[in-house]
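Subject: Structure handover

Hello,

Here is the structure we talked about. Please open it alongside these notes and tell me where you disagree.

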Amino acid sequence: MSVENGAAKAEKAGRKAPEPKKSINLTTWILISLAAGIVVGIACSLWVPSDSPVTEYVINGAFYVLGQWFIRLMQMLVVPLVFCSIVCGAASMSDPKMLGKVGVGTIVLYLCTTALAVFIAIVLAQFTNPGIGLDMSAIVSVEPKATATDQTMADMLINIIPTNIIKAMNDGTMLQIIFFALILGFILGRLGKKVATVNRFFTQFNAVMMHMIGLVLKVAPVGIFCLIARTFSSLGIDGILAMGKFIFTVYLGLLVQLLVVYMLLLFLFTRLNPVQFLRKVLPVMLFAFSTSSSNATIPLNMETLEKKIGVDPKVASFTIPLGATINMDGTAIMQGAAVIFVAQAFGIELSFAALVTVVITAVTASIGTAGVPGVGTIMLAMVFESVGLPAEGVAMIMGIDRLLDMGRTAINVTGDAVVTTCMARATGMLDEGVFKNHDYEAVSEKDLVEFEEPAGYEDFTAHGDPTEIGEGGAPDKFADIEEPVVK
């Protein structure tokens with residue numbers, strides 16, 4: 001019996017139709033698994049002896065195996081996901097429509113602010129020392145990669161270019177993989193329809209990887225529970241204090257990025273009042289904070305910039321969707337702080353060259369991480385891989401990711417707004433009369449035009465009939481290519 005028939009019969013009988021049960025979403029399950037893992041782990045550290053059967057068969061047995069399976073699933077996705085997503089992202093950025101006067105300046109500003117964000121997070125984490133006091137090496141023994149931590153600056157720069165890309169993929173040398181992917185993507189974008197088959201392969205394979213991420217995330221609550229329970233059974237209360245310091249470090253970095261980097265950038269480029277700017281974009285920040293979605297905030301951000309700041313719609317309609325695609329300042333701050341946190345917890349010394357590697361990896365990875373749920377965690381594993389940090393550290397951060405995601409999303413969309421305003425002023429498309437209007441009322445969400453997808457590969461290539469990609473289909477950008485005739 002269908003739900004509609006059941007509702008109709010209930011109405012005839014004079015009863016209210018039963019409301020459909022609301023299922024618990026993945027984020028809630030992850031938070032529940034984090035809390036349960038902490039409780040179980042601390043309880044085991046207080047009351048379960050280290051030589052008991054529970055420790056041997058449950059904590060170091062079942063919990064260990066299930067946790068390692070989850071980590072291996074994440075590691076399995078890193079190389080193909082990063083390679084395909086960056087190829088597709090670079091292909092879209094090489095389109096002439098995106099590389100005009102506004103496009104080049106916008107991309108440069110976005111990448112520069114992301115590099116500053118990682119640098120700020122690393123510096124702050126060196127002062128707060130969130131991982132000091134933890135002894136994760138007692139849980140997982142890790143030997144750092146010599147190529148990641150001991151190489152000189154000259155070696156690091158030379159090693160960016162791979163001599164054998166297959167070997168780089170096999171070894172997980174992320175900077176070499178990213179370098180090759182960027183060049184390949186740029187060339188594919190320039191050749192366009194001449195390489196339709198190759199373009200289609202990477203677009204479709206990237207869609208496959210996105211779906212695979214969704215499958216892996218479905219088992220994330222189980223993996224996180226096992227990893228966290230085993231971790232806290234050894235660390236006890238010290239683990240909670242360290243996680244609190246890490247959250248504080250990330251939010252401190254977000255505030256510095258907002259109040260120092262963004263406001264200084266805004267004043268230098270536009271000479272506008274930063275306080276007045278913040279008051280006008282505050283509704284956008286609050287909306288982003290509550291939804292934790294940069295893509296969902298695109299319509300509100302665009303309308304606010306056009307009607308409250310005075311940005312020409314031609315600029316905002318390009319830079320805001322592009323920012324939701326490649327501007328990941330908040331995520332970069334989390335990654336920079338996470339690297340120091342996990343390195344300190346495992347007792348791994350990171351050289352200056354390794355820290356530079358973190359900055360470069362985080363900035364270049366931002367090109368291919370746009371608007372895909374769960375990719376941030378995989379990208380964090382990639383950053384860890386680039387400097388030889390263990391993937392076990394990802395689980396602790398993934399457990400508290402929801403608490404961090406709200407703040408970093410608010411910073412991401414604010415960065416989009418600041419860069420958009422700067423580019424509008426630089427191109428003479430900013431109406432200061434609108435900005436000086438002291439009406440700070442938020443734009444009504446009812447008036448917003450729905451914007452489903454961020455500007456990216458699909459928006460700057462030829463479109464044809466839908467293909468089989470995804471449940472709803474996606475545009476086939478190479479439908480007009482003549483197929484060879486088989487005689």
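Helices here are DSSP runs of H or I with at least four residues, numbered from the N terminus. On that numbering, Trp-69 sits in helix 3. Please keep in mind that this is a predicted model.

**Overall picture**

The protein chain has 20 helices and zero strands. Of its 487 residues, 52% are buried. Among contacts with a separation of 6 or more, 83% join residues 24 or more positions apart. The accessible surface is about 23100 Å², and carbon and sulfur atoms account for 63% of that surface.

**Confidence**

Mean pLDDT for the protein chain is 75. A value of 70 or more is reached by 72% of the residues. Residues 144-149 have pLDDT below 50, yet the model gives this stretch 18 contacts beyond near neighbours in sequence. Residues 451-475 also stay under 50. For them the model has 51 contacts beyond four places in sequence.

**Nonpolar cores**

The largest nonpolar core holds 117 residues. Phe-246, Phe-277, Leu-350, Phe-384 and Ile-397 touch the most other members. Helix 3, residues 53-93, gives the most to this core, with 13 residues. Another core lies apart from it and has five residues, including Cys-44, Ile-59, Cys-226 and Ala-229.

Is Trp-69 buried or exposed? Its relative accessibility is 56%, so Trp-69 counts as exposed, the cut-off being over 50%. Trp-69 and Gly-223 are 154 residues apart in sequence. Their C-alpha atoms are 7.7 Å apart in space.

Ser-33 belongs to helix 2, residues 26-47. With 6% relative accessibility, Ser-33 is buried. Leaving out residues up to four places away in sequence, Ser-33 touches Pro-221, Ile-224 and Phe-225.

**Helix 8**

Helix 8 covers residues 174-191, which makes 18 residues. From first C-alpha to last, helix 8 reaches 26 Å, close to the 26 Å expected at 1.5 Å a residue. Its buried residues include Met-174, Leu-175, Gln-176, Ile-177 and Ile-178. Further along helix 8, Ala-181, Gly-185 and Leu-188 are buried too. An α-helix has 3.6 residues a turn, so residues three or four places apart point the same way. Just after helix 8, Gly-192 takes a positive phi of about 60°.

**Helix 13**

Helix 13 runs over residues 298-309. Its 12 residues should span 16 Å at 1.5 Å a residue, and the end C-alpha atoms are 15 Å apart, which agrees. How far is helix 13 enclosed by the rest of the structure? Largely, because 11 of its 12 residues are buried. Among them are Ile-298, Pro-299, Leu-300 and Met-302. Asn-301, Glu-303, Thr-304, Glu-306 and Lys-308 are buried as well. Just after helix 13, Gly-310 has a positive phi of about 95°.

**Cysteines**

How many disulfides does the model hold? The count is zero, with a pair of sulfur atoms required to lie within 2.5 Å. Cys-84 is buried, at a relative accessible area of 3%. Cys-112 is partly exposed, at 43%.

Comments are welcome whenever you have had a look.

Best wishes

How values were computed: Residues are numbered from 1 along each chain as its sequence is written. This is a predicted model: local features need pLDDT of at least 70, side-chain atom pairs count only at pLDDT 80 or more; totals for chains, interfaces and linings use all residues. Side-chain values use heavy atoms; hydrogens and water are left out. Helices (H or I, at least four residues) and strands (E, at least two) are DSSP runs, numbered from the N terminus. The expected span of a helix is 1.5 Å times one less than its number of residues. Buried means under 20% relative accessible area, exposed over 50%, partly exposed in between (1.4 Å probe, protein chains only). pLDDT is the predictor's confidence in each residue, from 0 to 100. Contact means heavy atoms within 4.5 Å. Accessible areas come from the Shrake-Rupley method with a 1.4 Å probe; for residues, only the protein chains shown count as cover. A nonpolar core is a set of buried Ala, Val, Leu, Ile, Met, Phe, Trp, Tyr and Cys residues joined through side-chain atoms within 4.5 Å.
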